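Here is a friendly walk through one model, written for someone who likes to know the cut-offs behind each term. Please keep the viewer open as you read.

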Amino acid sequence: MPTTEALSAETADASRFDGNLTELEYLALASSFNLADGHARQELTPGQSKVVGELPGLWAEAVMRPVDEIEEEAHRAFFHLLGQKSYPGADGRVLACYSSSVAMEIFARALVAETDTIALVHPTFDNIPDILRGVGLRLVALEEDVLHGGDLPAELLAEVGAIFVTTPNNPTGKVLSRERLARLAAQCAETGVVLALDTCFRGFDVAGQYDHYEVLEASGCRWVVIEDTGKLWPTLELKIGWLVRSANVGLPLAKVYSDILLGVSPLIMLMIKGLAEDAADGGLADLHEFIATNRALVRANLDGIPGLTFVDPDSRVSVERIHLGERLAMDVWEKLRAHNVYLLPCAKFHWANPSEGDHMLRIALSRSPVSLDVATRALRDVLLGE
Ligand SMILES: Cc1ncc(COP(=O)(O)O)c(C=O)c1O
């Protein structure tokens with residue numbers, strides 16, 4: 001397990017932490033009260049357990065059958081589950097990657113062959129700006145209010161070669177509406193700017209499940225979408241990030257893909273297919289109810305604490321942000337750490353202006369209700385004990 005060099009000693013001064021969000025997530029991995037990372041860590045449902053119980057049979061099936069057949073069945077089950085009926089599944093425009101970060105790295109490496117500047121939604125999960133900067137791209141912040149408010153300014157479109165939007169966004173839960181996507185895609189089509197979407201959290205919110213590919217294909221713009229199975233189900237990091245592209249994208253995505261990997265295990269593909277079928281059979285609705293119940297539990301446990309507010313009242317994604325009023329998130333994080341409870345301070349989500357997140361914490365909701373209950377009661381005690 002990686003360590004966090006920036007904050008490995010018990011006595012380290014948390015207020016001077018300068019690492020990234022994933023480094024803070026490493027610190028939480030061994031704790032039973034890890035509410036830090038956004039990965040799913042709750043118990044398997046009976047339907048999901050059945051799929052896991054079938055793994056030896058799926059292994060035998062994966063050995064026997066052609067991999068392209070398995071791959072097509074897996075992405076069809078997953079994309080159709082989430083309303084993406086118009087995705088281009090039949091003509092090799094869907095690349096399976098080990099994770100969405102790998103898909104992101106491939107996209108970034110292919111994009112930098114064409115442009116040196118990209119607009120990125122602000123705030124968002126910091127490994128997205130880190131990967132984009134890692135290949136040498138210059139980032140221009142695209143504030144959520146501007147993105148959702150109406151057409152993008154012509155000067156912004158003239159300045160960049162691509163626009164990257166996380167929808168639903170992590171950590172805010174904001175979803176790009178069908179109307180806004182259509183306008184954004186039309187503006188990108190007019191200007192030749194590549195439109196890239198990270199839809200890793202769309203499984204949690206039906207508002208993000210209209211057919212994006214129908215809108216994108218109709219626009220004629222150059223587009224890339226990163227889909228992800230990794231946030232939905234508690235699959236112990238077994239997941240697929242799918243990199244999908246328009247026929248006219250004009251970026252060397254397949255070439256960079258071939259520089260990095262041959263393909264994802266057909267065993268994982270069959271598992272994803274089974275989980276997607278279970279989800280279509282009622283599991284997804286159950287998951288939405290599970291997250292909503294956990295969100296209500298968090299809000300009830302933290303109700304009435306002076307100065308505390310819930311930042312994203314309409315969010316449906318599997319994380320919940322709280323604003324701590326005058327308190328600094330890193331101070332609260334450090335006090336909670338003494339109780340072995342881990343949340344995520346939000347500064348680094350604000351990749352262009354970290355101080356905007358200094359007073360916010362993010363709580364992961366894909367957890368067992370018991371650990372969520374204990375951890376948020378500890379948070380309440382810490383906040384009231386000041
Ligand atoms: C919006 C978003 N995209 C991509 C990722 C990367 O996912 P992974 O670590 O599975 O590659 C994350 C991680 O939390 C994320 O929040």
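The sections below cover the ground rules, salt bridges, helix packing, backbone geometry and a surface patch.

## Ground rules

This is a predicted model, in which local features need pLDDT of at least 70 and side-chain atom pairs count only at pLDDT 80 or more, while totals for chains, interfaces and linings use all residues. Residues are numbered from 1 along each chain as its sequence is written, and side-chain values use heavy atoms, with hydrogens and water left out.

## Salt bridges

How many salt bridges does the structure hold? There are 27, where a salt bridge is a side-chain nitrogen of Lys or Arg within 4 Å of a carboxyl oxygen of Asp or Glu. One of them pairs Arg 362 with Glu 25, with 3.9 Å between the closest N and O atoms. Arg 362 belongs to strand β13 (residues 360-364) and Glu 25 to helix α1 (residues 21-28), so this pair ties together parts that are 337 residues apart in sequence. Helices (H or I, at least four residues) and strands (E, at least two) are DSSP runs, numbered from the N terminus. Arg 362 counts as buried because its relative accessibility is 1%, and Glu 25 counts as buried at 8%. For these labels, buried means under 20% relative accessible area, exposed over 50%, and partly exposed in between (1.4 Å probe, protein chains only).

Another salt bridge links Glu 54 and Lys 50, whose closest N and O atoms are 3.5 Å apart. Here Glu 54 is partly exposed, with a relative accessible area of 36%, and Lys 50 is exposed, at 57%. Glu 237 and Lys 239 also form a salt bridge, with their closest N and O atoms 3.0 Å apart. Within the pair, Lys 239 is buried, with a relative accessible area of 15%, whereas Glu 237 is partly exposed, with 41%.

## Helix packing

Two helix pairs are worth a look. Helix α12 (residues 266-301) and helix α14 (residues 369-384) have axes that come within 9 Å and cross at roughly 20°. The axes are lines fitted to C-alpha atoms, for helices over the stretch in contact, and angles run from 0 to 180 degrees between N-to-C directions. α12 and α14 are therefore roughly parallel to each other; angles under 35 degrees count as roughly parallel, over 145 as roughly antiparallel, 65 to 115 as roughly perpendicular and the rest as oblique. In this pair, α12 passes α14 in a right-handed crossing.

The axes of helix α4 (residues 67-81) and α12 come within 8 Å and cross at roughly 30°. That angle makes α4 roughly parallel to α12. What is the handedness of the crossing in which α4 passes α12? The crossing is left-handed. A crossing is left-handed if the near helix is turned anticlockwise from the far one by less than a right angle, and right-handed if clockwise.

## Backbone geometry

Most residues other than glycine have a negative phi, and most peptide bonds are trans. The peptide bond from His 122 to Pro 123 is cis, with omega near 0°, and Pro 123 sits in the loop between β3 (117-122) and α6 (127-134). Asn 170 and Pro 171 are also joined by a cis peptide bond, with omega about 20°. Pro 171 is found in the loop between β5 and α9.

That loop, between β5 (162-166) and α9 (178-191), also holds Thr 167. Thr 167 is buried, with a relative accessible area of 1%. Its C-alpha atom is 7.7 Å from that of Cys 200, although Thr 167 and Cys 200 are 33 residues apart along the chain.

Leu 236 is not a glycine, yet has a positive phi of about 55°. Leu 236 lies in the loop between β7 (223-228) and β8 (241-245), and counts as exposed at 77% relative accessibility.

## A nonpolar patch

Which residues make the nonpolar surface patch of about 420 Å²? They are Trp 59, Val 63 and Met 64. Patches are made of residues with over 30% relative accessible area and no salt bridge: like charges are joined within 9 Å, nonpolar side chains (Val, Leu, Ile, Met, Phe, Trp, Tyr) within 5 Å. Accessible areas come from the Shrake-Rupley method with a 1.4 Å probe, and for residues only the protein chains shown count as cover. Val 63 is placed in helix α3 (residues 55-64) and counts as exposed because its relative accessibility is 61%.
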